[in-house]
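This briefing is meant to be read with the sequence and the 3D view side by side. Please look at the overall outline before turning to the individual residues.

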Amino acid sequence: ERHRRHEIMASHSTQVQQLLSAEKKAAEVVAEARRKKTKRLKEAKEEAAREIEAYRKEREDSYQKQRQQHMGSKGSFESQIRSETEQKLRQTVADVEANQELVIARVLELVQDIKPEIHKNLRV
């Protein structure tokens, strides 16, 4: 019977060792799974950041292109207005030069040709 007890104890000891070994192996598997999960999450986060940056750059480029097109048309519009304004100024200067003497003569005529009259609203 002692021998039998010794065998049972040895058997229990072996089973305990096997159980401890299995627990250790399970812990290693769980730890490896956690490392892989962490690595996958990190890679997914980096990929998302790259995609976000690519999208941001695409939108910025589109914005800059539209802005340049608008500013270009604005520049040509400003140029057209400037040209029209300069043309009108040249025309005004030419009109002044052409009519200056006539206007001065008419103003002098009106100033010098005074006809004293009693105003119609004056009651005597």
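Is Val-111 buried or exposed? In this predicted model, Val-111 is exposed, because its relative accessible area is 53% and a residue counts as exposed when that value is over 50%.

**Overall shape**
- The protein has one helix and zero strands, and the helix, α1, covers residues 2-112.
- Its radius of gyration is 51 Å, whereas a compact globule of 124 residues would have a value near 14 Å.
- Taken along the principal axes, the box filled by the C-alpha atoms is roughly 160 × 45 × 15 Å.

**Surface and burial**
- Of the 124 residues in the protein, 0% are buried.
- The accessible surface comes to about 12500 Å², and carbon and sulfur atoms account for 56% of this area.

**Charges**
- A patch of positive charge on the surface is formed where Arg-34, Lys-36, Lys-37, Lys-39 and Arg-40 gather.
- Lys-36, one of the residues in this patch, is found in helix α1 and counts as partly exposed because its relative accessibility is 45%, a value that falls between the 20% limit for buried residues and the 50% limit for exposed ones.

Terms used:
Residues numbered from 1 in each chain as written. Predicted model: local features only at pLDDT ≥ 70, side-chain atom pairs only at ≥ 80, totals over all residues. Heavy atoms only, no water. Patch = residues over 30% accessible without salt bridge, like charges linked within 9 Å, V, L, I, M, F, W, Y side chains within 5 Å. Areas by Shrake-Rupley, 256 points an atom, 1.4 Å probe, with all protein chains shown as cover. Salt bridge = Lys/Arg side-chain N within 4 Å of Asp/Glu carboxyl O. Lys, Arg positive; Asp, Glu negative; His and termini not counted. Charge placed at Lys NZ, Arg CZ, Asp CG, Glu CD. Helix = DSSP H or I, 4+ residues; strand = E, 2+ residues; numbered from the N terminus. Buried < 20%, exposed > 50% of the residue type's maximum accessible area, 1.4 Å probe, protein only. Rg over C-alpha atoms; globule rule 2.2 N^0.38 Å.
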